[in-house]
Amino acid sequence: MEFIHQPYYPGETIAAIATPPGEGGVAIIRISGDQSLEVAAKIFSGSIFSYRSHTAHYGQIYNSSGEHVDDVLVLIMLGKRSYTGENTVEIHCHGGSLITRKVLEVVLAAGARAALPGEFTFKAYMNGKIDLAQAEAVQELICAKNEKALGAAESQLKGSLSNRVLAFQSTLTQIAAILEAWVDFPEEGLEFATMDELDQDLERTAKDMEKLVNSFHNGKILHDGLSICLIGCPNVGKSSLMNALLDKDRAIVSPIPGTTRDVLEDHLRLNGLHIKLSDTAGIREANESVEQEGIRRSKKAMQEADLILLVLDAHKGLEKEDQELLKQVPFHKTIVIWNKIDLNPRNLPCLEVPFLVHLSAKEKIGLEELHQTIDTIIWQDGPPSKEEILITNVRHKEALIESIESLRRVQIGLRHQVSPEFLTLDMRQSLLELGKIIGTNISEDILSAIFSKFCIGK
């Protein structure tokens, strides 16, 4: 179901189940809009209009025929003191799927409209409770896969990214005002700042914005996690390594070459991050059609992975097929692993690769070294600090890049003494792109795309 926010009717009363589907102790039905109290008053046994804001009250829900539906708690939140910035009523009922739907049906029959995905947060945005970057942080908070991603989402929800963007806007608005003044009053000889000073201010701001763009690498890892692909020739111990990393028997381990015929996936937490781990079919020359398809999928998984673990058999040494694989992998995202060191291998060839680990998957020797090497590749400049502002959204990254490019054109114009009226166009474009991040300049289709990703009830 796609969320289309147009037309928007301020104060329209909507309702939805705000808790996940399934059975539980309590479920919450949220009602928001100008008629929230009237809707609740039709179905609740208590005196809704006499309740103070942010108070909870016990009572019963009745349908239009006067039949008892459930015993509930009702929470009242009035006006700007609610999440949406409108009168809001939450009904806390028993958590079974059937009873929750029955209570919602009663609410809708009393005059509320079924909410669309993300519509409560959209109301909060439209009513000035949060900006667009904070609204997106709500969804990222819900979907966070690890503690670091949760911290990044909380920071954005508190306004860290928005405040940084507002600071950029403040600086650029002052520069834009000077350029506009030169255009409007060319004969006055106004000297608010020299062109060199404006160029320096633009350079500092552009570099700060570029630093924020560069944080997307770490932000994306926190938000999306990583995909790690195990590749290698048959019987080098890929499945054993997968089981060792997962700490469970997930993949079949067999001395028979070609046991794994397809890409086998599982998930784990490693060094605080969400990891999708893929075990692939052994790569070798094969005539059998099923094995050929497995090898094709292995190569595809290798191309798409964020990180590759290329497993070699230390007992056998480097064979021809291993050498061919070494020619195919991108070394900037590959850890080469000599496995089976418990078999006391000798005279292993020296491999000129940036990341090399010796381990025994069977005996779980060397796994800690592998974990540390994964960390080294992931965090190019060290893991982010708790105070660091990270962008995790590709939309924000693209808007920042467009804004920076406009600033760079202004700088080039200043250095070549281009007429100010041409420079003001790029300054306005730069500010327009920044406004897209926090929602001061945003198109209807972008709003629809953003809020359509939310769950119903949020």
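**View A. K364 sits in the loop between β12 and α12 (367-378).** Here, helices (H or I, at least four residues) and strands (E, at least two) are DSSP runs, numbered from the N terminus. You're looking at a predicted model, where local features need pLDDT of at least 70 and side-chain atom pairs count only at pLDDT 80 or more, while totals for chains, interfaces and linings use all residues. Residues are numbered from 1 along each chain as its sequence is written, and side-chain values use heavy atoms, with hydrogens and water left out. K364 isn't a glycine, yet its phi is positive, at about 60°. With a relative accessible area of 44%, K364 counts as partly exposed; buried means under 20% relative accessible area, exposed over 50%, and partly exposed in between (1.4 Å probe, protein chains only).

**View B. K340 is another loop residue, found between β11 and β12 (356-358).** K340 has a positive phi too, near 70°, and it is a residue other than glycine.

**View C. Six strands make an open sheet in the order β8-β9-β7-β10-β11-β12.** Pairing in this sheet is mixed; two strands pair if DSSP finds at least two bridges between them. At the edges you'll find β8 and β12, each of which pairs on one side only. From one strand to the next, the twist averages 25°. Inside the sheet, β10 and β11 run parallel and are joined by six bridges, and I308 has T334 in β11 as its bridge partner. Helix α9 (residues 238-246) packs on this sheet, touching β7, β8, β9, β10 and β11. The direction of α9 makes about 35° with that of β8; axes are lines fitted to C-alpha atoms, for helices over the stretch in contact, and angles run from 0 to 180 degrees between N-to-C directions. Then there's α12, which lies across β7, β8, β9, β10, β11 and β12 and runs at about 170° to β11.

**View D. Strands β8 (residues 264-270) and β9 (residues 273-279) form a hairpin with two residues between them.** The two strands run antiparallel, with seven bridges joining them. H267 has K276 as its bridge partner in β9. Look for N271 in the hairpin: its phi is positive, near 55°.

**View E. Helix α11 (residues 320-328) has D322, L325 and L326 buried.** Seen down the axis of α11, these buried residues fall within an arc of 105°, so they line one face of the helix; the arc is that of the directions from the helix axis to the C-beta atoms. Over on the other side of α11, K320 and K327 are exposed. What do the buried residues of α11 pack against? Their partners are β7 (226-232), β10 (307-313) and β11 (334-339), with contact meaning heavy atoms within 4.5 Å.

**View F. L309 belongs to the largest nonpolar core, a set of 50 residues.** A nonpolar core is a set of buried Ala, Val, Leu, Ile, Met, Phe, Trp, Tyr and Cys residues joined through side-chain atoms within 4.5 Å. L241, L309, I335 and L370 touch the most other members. The largest share of this core comes from β10, which supplies six residues. Leaving aside neighbours within four places in sequence, L309 is in contact with residues including I228, L230, L241, I335 and L370. A second, separate core has 31 residues, among them F168, L202, I437 and I438.

**View G. Another open sheet of six strands runs in the order β3-β4-β5-β2-β1-β6.** This sheet has mixed pairing as well. Its edge strands, β3 (55-62) and β6 (113-114), each have a single partner strand, so one side of each is left without a neighbour in the sheet. Helix α3 (residues 119-126) lies across β1, β2 and β6, running at about 135° to β1.

**View H. S215 lies in the loop between α7 (195-214) and α8 (216-224).** Is S215 buried or exposed? It counts as buried, at 4% relative accessibility. The side chain of S215 reaches the backbone oxygen of L212 at 2.5 Å. That is a polar contact (a pair of N or O atoms within 3.5 Å; within protein, one must be able to donate a hydrogen and the other to accept it, and residues adjacent in sequence count only if both atoms are side-chain atoms). Not counting residues up to four places away in sequence, S215 touches E388, I389, L390 and I391.
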